[in-house]
Amino acid sequence: MSQIEEWSKKLIEEAVRKAAEGSAEEVITDFHVLAGSDGGEVCITDDNDEVLAKGNVEGFEEKNDKEFRKIIARNFKQVLGKMDAAHAFDGLNLFRPFSFVLIDNDHETLEDLYVVDSDTVVVSDELLKGLDDELNDFLNHLLKS
């Protein structure tokens with residue numbers, strides 16, 4: 001695991017732990033990930049903008065916001081997928097489904113990073129490419145019969 005992946009994992013674990021500790025009072029549906037290039041800072045908040053975890057990634061101070069967010073999104077997706085595959089979220093006292101979303105400074109969702117739910121499977125854009133055409137061809141074939 002790379003240094004940034006290890007750092008991302010620790011940040012995610014801290015946020016999830018804090019959310020699970022307070023989950024009796026309220027239900028968390030999203031973990032909001034705000035990645036700003038100002039000093040390489042990443043902040044994870046809950047639905048009420050309560051900070052659950054915060055930290056700086058060294059070596060990313062000079063990246064622009066878009067580039068930095070892209071790096072963080074890629075790493076979080078990888079780490080969250082590995083954590084879910086290792087059942088890291090199974091014993092948590094959190095209502096499912098819950099997700100991790102990348103947001104901008106205006107708290108607008110930029111990208112869904114990962115959904116944690118025992119019944120939901122998140123597929124990548126790569127898998128969905130061409131699906132519309134295949135479904136249309138299949139439907140046309142059925143209607144002609």
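Along the sequence, the elements of the protein chain run in the order α-β-β-β-α-β-β-α-α, giving 4 helices and 5 strands; helices are DSSP runs of H or I with at least four residues, strands runs of E with at least two, and both are numbered from the N terminus. The model is predicted, with local features needing pLDDT of at least 70 and side-chain atom pairs pLDDT 80 or more, while totals for chains, interfaces and linings use all residues. Residues are numbered from 1 along each chain as its sequence is written, and side-chain values use heavy atoms, without hydrogens or water.

Of the 145 residues in the protein chain, 35% are buried (under 20% relative accessible area, 1.4 Å probe, protein chains only). The accessible surface is about 9200 Å², and carbon and sulfur atoms hold 48% of that area (Shrake-Rupley method, 1.4 Å probe). Among contacts (heavy atoms within 4.5 Å) with a separation of 6 or more, 55% join residues 24 or more positions apart.

Helix α1 (residues 3–21) packs on helix α2 (residues 65–85) at an angle of about 65°, and their axes lie 9 Å apart; the axes are lines fitted to C-alpha atoms over the stretch in contact, with angles from 0 to 180 degrees between N-to-C directions. The two helices are therefore roughly perpendicular (65 to 115 degrees). On the α1 side the contact is made by I4, E5, S8, K9, L11, I12 and E13, and on the α2 side by I71, I72, N75, F76, Q78, V79, L80, K82 and M83. These residues of the contact comprise 9 nonpolar, 3 polar and 4 charged (Ala, Val, Leu, Ile, Met, Phe, Trp, Tyr, Cys and Pro count as nonpolar, Asp, Glu, Lys and Arg as charged, the others, Gly among them, as polar).

Conventions: Angles under 35 degrees count as roughly parallel, over 145 as roughly antiparallel, 65 to 115 as roughly perpendicular and the rest as oblique. Buried means under 20% relative accessible area, exposed over 50%, partly exposed in between (1.4 Å probe, protein chains only).
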